[in-house]
Amino acid sequence: MAVAVLNSYSGADALSIEQRPIPTPGKNEVLVKVAFSPINPSDLATLQGHYGFKDPTPIVPGGEGSGEVVSAGPGIMASYFLGKRVACTGWGTGGGVWSEYVVKSVKGGVLALNKSLSLEQGAMSFINPLTASAFLDISKKEGHKAILLTAAASSLGKMVNRLGRKEGIQVVNVVRRDAQVDLLKAQGVDIVLNSNDAGFEQQLHDVCHQTNTRIAFDAVAGPLTNQLLKAMPPNSKVTVFSALSRQEVQANPGLLIFENKRIDSFWLGPWLSTQNVVKMMLLWKQAQKQIPSHLKSEIRKVYPLQEVKEAIHDYTSQMTGGKILLRMS
Ligand SMILES: NC(=O)c1ccc[n+]([C@@H]2O[C@H](COP(=O)([O-])OP(=O)(O)OC[C@H]3O[C@@H](n4cnc5c(N)ncnc54)[C@H](OP(=O)(O)O)[C@@H]3O)[C@@H](O)[C@H]2O)c1
């Protein structure tokens, strides 16, 4: 089978395609014939060695994907999955999914896909849909009626906006280019600010106070985190969930001490592990139902696995344009 292998944590140029034997599933494991996998920002961070997992190289990257279970190891759950179309994660057993076949544990490594869902959308049905659902869940539990979101023209951003509209939560969007303002407005989003506008800080302050926005989900970090903290009313918090700027979070201590503003973080895996099994299955079922509508990802182009380097260069050249999928065979 063909596998994309990362030979050192130095980016896409350190990837090569290797031929390896098809692995055999053990107890409570299944063999998935992988169909598609997206390139996500977390994959880019993995290639650079900036992500939360950093096993010694060589590693197989790929944080999520879809496919069909073609063989099962011993165990009732493994037999249950045999022949099923599944979403699989790149976490834990078997590693990343940029591979024609992958062995996954039935305890969290694979989830059955709705029959109506395409394998293309199924490949992107885990990370962003569950993160968007989690943001709404957290905000509602904490009693927020408005949320602030950065890098909002992303696939995830569009999902949060569609869910927010459905749930009656106002989303205050921050992007970095005028074209992204136009893109979101064309999709019916009403509040979008460009962080590179001269009057950005004042505009953000005004809109956060008018809408009583006290929670921000920040994918950018660096100085923007401090701008969000500064703009929101006292007793607000910024939840940092990515570092697209590749910079350290900045925060003025006065905002933390005298205005009781806080910074925390979100990472999907640990957040899911704090939910009970019933809640997790409910989230998954709801997300599956909503993928054709609120939680859909736009696909810009599909590349064969053999062209993984070109696919990554294309993705990084215009991330806002939609997802790039890798087709495994
Ligand atoms: N913590 C978690 O568990 C978790 C889970 C899911 C997603 N995420 C994060 O959520 C974010 C969105 O993911 P996605 O898959 O939806 O992304 P995506 O569709 O690929 O879009 C990425 C977006 O980020 C923008 N961007 C890139 N670098 C930026 C920077 N330095 N400053 C401001 N904007 C920047 C891009 O704009 P340009 O077109 O201008 O480059 C693009 O709009 C990512 O950071 C991802 O890591 C985190």
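Reply: In this predicted model, helix 7 passes helix 8 in a right-handed crossing. On the helix 7 side, the contact is made by Glu201, Leu204, His205 and Cys208; helix 8 contributes Gln227, Lys230 and Ala231. By class, the residues of this contact are three nonpolar, two polar and two charged.

As for the setting, the protein chain is divided into domain 1 (2-124 + 297-327) and domain 2 (127-270). The C-alpha centres of the two domains are 29 Å apart. Their contact takes 11 residues from domain 1 and 10 residues from domain 2. The side of domain 1 that touches domain 2 has three nonpolar, five polar and three charged residues.

The ligand has residues of both domains around it: domain 1 and domain 2 each give at least three residues to the shell. Of the 25 residues around the ligand, Ser154, Leu156, Ser242, Leu268 and Thr320 come nearest. Two or more residues of the shell come from each of helix 1 (41-47), helix 4 (127-141) and helix 5 (155-167). Helix 4 gives the most, with three residues. The shell is made up of 13 nonpolar, 10 polar and two charged residues.

Conventions. Residues are numbered from 1 along each chain as its sequence is written. This is a predicted model: local features need pLDDT of at least 70, side-chain atom pairs count only at pLDDT 80 or more; totals for chains, interfaces and linings use all residues. A residue is near a molecule or strand if its C-beta atom, placed from the backbone, lies within 6 Å of it. Helices (H or I, at least four residues) and strands (E, at least two) are DSSP runs, numbered from the N terminus. Ala, Val, Leu, Ile, Met, Phe, Trp, Tyr, Cys and Pro count as nonpolar, Asp, Glu, Lys and Arg as charged, and the others, Gly among them, as polar. Domain bounds come from an automatic or database domain assignment. Two residues are in contact if their C-beta atoms, placed from the backbone, lie within 7 Å. A crossing is left-handed if the near helix is turned anticlockwise from the far one by less than a right angle, and right-handed if clockwise.
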